[in-house]
Amino acid sequence: MVMTRGDAVNAAERLTLIEQYEAGHQAIVDALARIDQAEMEAREAPGEWCPREIVHHLADSEMTSAVRLRLLVAEDNPTLVGYDQEAFVANLYPERPIEPSLAAFGAARAATSPILRQLTEEQWQRAGHHTEVGRYTVEDWLQTYAAHAHDHADQIRRARASLAAV
């Protein structure tokens, strides 16, 4: 299912998005299966992230997004502050081992999924203000993060495949 932020979502579509979100961690684990050191550092193109950087980005993004969801559900009209993902990747020691970041990514999703499955229709429409995109609802959040890990799993596979093309 391809949806964009702001598209109306019915309950069945929302369930599909939740299931996609829940499968995201495994998609990354699968994309990393049997990865070697050269593949871990491979880039599909100059300026693109390598698999190691992608995993660290996913941890940073997921921990941030988990807090954003909680703010949207628990507070009235919260401000969701954007961050510079490129600076996070470059400055937070991207050479460090990926295992803690992969675990943090998985744990944030595991802790968030039960919340998603219990939200009421009213809660799905709750909104705040995102400093980069403006009005941002719980549904917008789900549409953003349901595909996020899968998109990066594809990026990991492309980076790994780039070594075979050389």
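User: Which residues does Ser61 touch, not counting residues up to four places away in sequence?
Analyst: This is a predicted model, where local features need pLDDT of at least 70, side-chain atom pairs count only at pLDDT 80 or more, and totals for chains, interfaces and linings use all residues. Residues are numbered from 1 along each chain as its sequence is written, and side-chain values use heavy atoms, without hydrogens and water. Contact means heavy atoms within 4.5 Å. With residues up to four places away left out, Ser61 touches Tyr83, Tyr145 and His148.

User: Is Ser61 buried or exposed?
Analyst: Ser61 sits in helix H3 (residues 51-74). Buried means under 20% relative accessible area, exposed over 50%, partly exposed in between (1.4 Å probe, protein chains only). Ser61 has 4% relative accessibility, so Ser61 counts as buried.

User: Which helix gives the most to the lining of the largest pocket?
Analyst: The lining has 14 residues, with Ser61, Arg68, Gln85, Thr144 and Tyr145 nearest the pocket centre. H3 and helix H7 (138-164) each supply at least two lining residues. Helices here are DSSP runs (H or I, at least four residues), and strands are E runs of at least two, numbered from the N terminus. With 4 residues, the top contributor is H7.

User: In what order do the 3 strands of the open sheet stand?
Analyst: Strands pair if DSSP finds at least two bridges between them. E1 and strand E2 (residues 127-130) run parallel, joined by 2 bridges, and Leu80 stands opposite His130 in E2. The pairing in the sheet is mixed, and the order is E1-E2-E3.

Notes
1 Å grid on protein atoms, 1.4 Å probe; cavity = no way out; pocket = protein on both sides within 12 Å on 5 of 7 lines; lining within 4 Å.
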